[in-house]
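Reader: I am new to reading protein models. Can we go through this one, term by term?
Author: Gladly.
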Amino acid sequence: MGDKRQRARVQGAWARALPKAPNPRETPGVISSPSTAPNCWGPEEVKFEFQQPTQLRREIPAEKVIEKEGEFVISQGPTGISRLRLFPSFLSVGEADWMFARLLEELPWQQKSNMHQGVLYDEPRLTCWFGELPYTYSNSTLQANPEWHPVLLELKGQVELASGHSFNSLLCNLYRDGKDSIAWHSDSEPSLGARPTIASLSLGDTRTFQMRKQPAAEDRGDHTYVERLRVPLAHGTLLLMEGAVQEDWQHRVPKEYHDRGARINLTFRTVYPEPGFGRHRWAEGKAHRASVQKRTGSSRYSLH
């Protein structure tokens, strides 16, 4: 046994020593990373090279607030200038109070149903429509209603005088509390024509009116990095949206999770006959109704 052990020690001495693994600290400018790759006696050396990022880091723009009276150009581009005009005290408190009470009590409020992706849902607010023509949005139509409430006719005249625009239609929205809302949208229906002017008059509790710019084509509908605005709309406030606002921006009134009272929003606009609704029918009907009202002096409503 002693002879065998002696011979093993002698034979082992003949074996060649394993190569020593290189020390990465001895090789300047090279960053090494250990590896457990198969058929490898030591750590595998990996070189890392810095590459310039292909996309720069983008900052999310801070939301801007508009709350003082004035005219504001909010964007300018190939589609034109987008402009807001804000009149925070368009109506006095006393005038706004009695008008709000009358309209809340006397307008024919109803809950409209819309269709979205094949699903029928009730709008989270109440609406009514006034105008010589029907109005279609969100795949449902509000029928023509030429019986304007006298308070609305009085407000229409005041808004037209202040804005320099004329209007023939009015969409009324009633937000009963903070849970009522309207989602992101633009007032860009074909019946409103190109670059429509929308006059929005608020009565009742203050609600936040939010706006966001339409994303660039390369953003593929992603609104993460677009400009955003916030406009608090208080009792008696008039907001005008002019130029390319409806083409370049969206707006909404979000839900609020604290106590909010009722708010009425009156959005004056100009509607044009849609295809299939002959202009002669519209003109004839308007002339006939004006003639009847002039002869009889009748109206469904009274200012008194």
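Author: Start with pairing: two strands pair if DSSP finds at least two bridges between them. Strands are DSSP runs of E with at least two residues, helices are runs of H or I with at least four, and both are numbered from the N terminus. This is a predicted model, in which local features need pLDDT of at least 70, side-chain atom pairs count only at pLDDT 80 or more, and totals for chains, interfaces and linings use all residues. Residues are numbered from 1 along each chain as its sequence is written, and side-chain values use heavy atoms, with hydrogens and water left out.

Reader: What makes S6 and S9 a pair?
Author: The bridges do. S6 is joined to S9 (residues 169-175) by 6 bridges, and at least two are required. The two strands run antiparallel. Leu 126 has Leu 174 in S9 as its bridge partner. Thr 127 is bridged to Asn 173, also in S9.

Reader: Which strands form the open sheet, and in what order?
Author: The order is S2-S3-S14-S11-S16-S9-S6, with antiparallel pairing. S2 (70-77) and S6 (126-131) each have a single partner strand, so one side of each has no neighbour in the sheet. From one strand to the next, the twist averages 15°. Angles run from 0 to 180 degrees between N-to-C directions, and axes are lines fitted to C-alpha atoms, for helices over the stretch in contact.

Reader: Why is S6 called largely enclosed?
Author: Buried means under 20% relative accessible area, exposed means over 50%, and partly exposed is in between (1.4 Å probe, protein chains only). In S6, 6 of the 6 residues are buried, so the rest of the structure largely encloses this strand. Both faces are covered. Leu 126, Cys 128 and Phe 130 are buried on one side, and Thr 127, Trp 129 and Gly 131 on the other.

Reader: Is Ser 138 buried, partly exposed or exposed? What about Asn 139?
Author: Ser 138 has a relative accessible area of 34%, so it is partly exposed. Asn 139 has 66%, so it is exposed. Ser 138 lies in the loop between S7 (135-137) and S8 (140-142), and Asn 139 lies in the loop between S7 and S8 too.

Reader: What makes the phi of Ser 138 worth a remark?
Author: Most residues other than glycine have a negative phi. Ser 138 is not a glycine, yet its phi is positive, about 50°. Asn 139 also has a positive phi, near 65°.

Reader: How do you know that the span of H3 is close to the expected one?
Author: The expected span is 1.5 Å times one less than the number of residues. H3 has 14 residues, and 20 Å is expected. From its first C-alpha to its last, H3 reaches 20 Å. Gly 164 follows H3, with a positive phi near 80°.

Reader: What makes a group of residues a nonpolar core?
Author: The members are buried Ala, Val, Leu, Ile, Met, Phe, Trp, Tyr and Cys residues, joined through side-chain atoms within 4.5 Å. The largest one here has 29 residues. Leu 103, Leu 152, Leu 155, Cys 172, Leu 266 and Phe 268 touch the most other members. H2, S6, H3, S9, S11, S14 and S16 each give two or more residues to this core. Another core, of 17 residues, lies apart from it and includes Leu 86 and Trp 249.
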